[in-house]
Amino acid sequence: MHDIRAIRDNPEAYDTAWARRGLSAQTPAILALDGELRAAQTALQAAQSRRNDASKLIGMAKAKKDEAEASRLMAEVEALKGEMAAQSEVEARVAPQLRDLLSALPNLPADGVPDGADEHDNVEVRRYGEPYALERVQDHVDLGVGMGMADFEAAARMSGARFTVLKSQLARLERALGQFMLDVQTQEHGYTEISPPLLVRDEAVYGTGQLPKFAEDLFHTTDGRWLIPTAEVSLTNLVREQITPEEELPLRLTALTPCFRSEAGASGKDTRGMIRQHQFWKVELVAITTPDDSDAEHERMVQSAESILKRLELPFRTMALCTGDMGFSARRTFDLEVWLPSQATYREISSISNCGDFQARRMDARCKKAGEKGTRFVHTLNGSGLAVGRTLVAVMENYQDEKGRIAIPQALHPYMRGMTHVGGEG
């Protein structure tokens, strides 16, 4: 959500920023609706004030037995009632239009975000590790099926496309990855583990920006709730409609949850395997900060996510997303892309965004410094730390051997009870 007062004060800055995201000028329509709404509200208040004054004068006129004046005033009150009804109707019509327009507009990109149209204009920030030299490369589907530990056909029979059944050691490896990530983020990086709801109401997904524009990307239940597309929704909404003391910030929260996405805009993309699923596990990182600290917190969160890939010794690169590739709620985003040998390319495994006060305005989430009267909107940040399924894919493909086995990264050995390979003994 955007500050309408700031748009009134500097509409050119908003149109310039939205133009960087490929949008035409939006402020003429915004200011037209805003002007109509404010005019109706001003007229309504004036009519209410005059009606109140006239109502008092009626009693005074009757006390003086001035029936003519009393009749004139009563007629004026009736006319004012009609004026109030008309202006209330304008307010009821225009206010939702203005809210819907503002709600559908993305966040403004921060200074320094690369300009560009799509992922081809993203900028590499740094790179870690070198892709493994593998003589015979299988993708994760062939590896999993070949070991008898991944069953895509059974998943399709019961659930349709974009679902997977993992079995035995591979299922255990997936579980180990999630627990490892959660332990690192809570024990080493200071995140507090949360077990949040997976079903949320309209207000929650509106608060983080999925509604109203991206409803088709979500799963909606028969009782009006939404399955979370990411634990970002649940974790960020913990501060909705709250005033948090600044002394308690930053709040650093994490959760390992299933995530549910319809993938409505991904027809034909990544239909093979586990890259793009309707249901998957993810460790989410969320931070709630003061506006002064959000940029530093963003870099800290990127490093927290990067540390998982480093500990797993997976080659990756960190990318600064351009204006055309950033998500709706983000003002700045860094993606981590892990190397996948079967595709001979880097693929996104984590997206870490600073949303500024964009989500906080939608949630009315504020902070307050001790001893001061005023409040200000918090800044919210979120990122994957990491997507478990995609990390499993990366481990399978990068750690495969010529026997069709998967070596277990050293960091996961404590979670695998002494196993060194999946698909083999010991």
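Predicted model: local features only at pLDDT ≥ 70, side-chain atom pairs only at ≥ 80, totals over all residues.
Visitor: Is Tyr206 buried or exposed?
Guide: The relative accessible area of Tyr206 is 13%. Buried means under 20%. Tyr206 therefore counts as buried.

Visitor: Which residues does Tyr206 touch, not counting residues up to four places away in sequence?
Guide: Neighbours up to four places away in sequence are left out. A contact needs heavy atoms within 4.5 Å. The residues touched by Tyr206 are Met1, Arg99, Ser103, Leu211, Pro212 and Arg362.

Visitor: How far apart in space are Tyr206 and Pro96?
Guide: In sequence, 110 residues separate Tyr206 from Pro96. From C-alpha to C-alpha, the distance in space is 14 Å.

Visitor: Why is strand β9 largely enclosed by the rest of the structure?
Guide: Strand β9 covers residues 251-260, ten in number. It is largely enclosed because of how many of these are buried: seven of the ten.

Visitor: In which sense does β9 run with strand β10?
Guide: Strand β10 spans residues 279-289, and ten bridges join it to β9. Leu253 stands opposite Val286 in β10. The two strands run antiparallel.

Visitor: Which residue in β9 is the bridge partner of Glu193?
Guide: Strand β4 (residues 192-193) pairs with β9 over two bridges, in the parallel sense. For Glu193, the partner in β9 is Thr254.

Technical notes
Residues numbered from 1 in each chain as written. Heavy atoms only, no water. Buried < 20%, exposed > 50% of the residue type's maximum accessible area, 1.4 Å probe, protein only. Helix = DSSP H or I, 4+ residues; strand = E, 2+ residues; numbered from the N terminus. Pairing = 2+ DSSP bridges.
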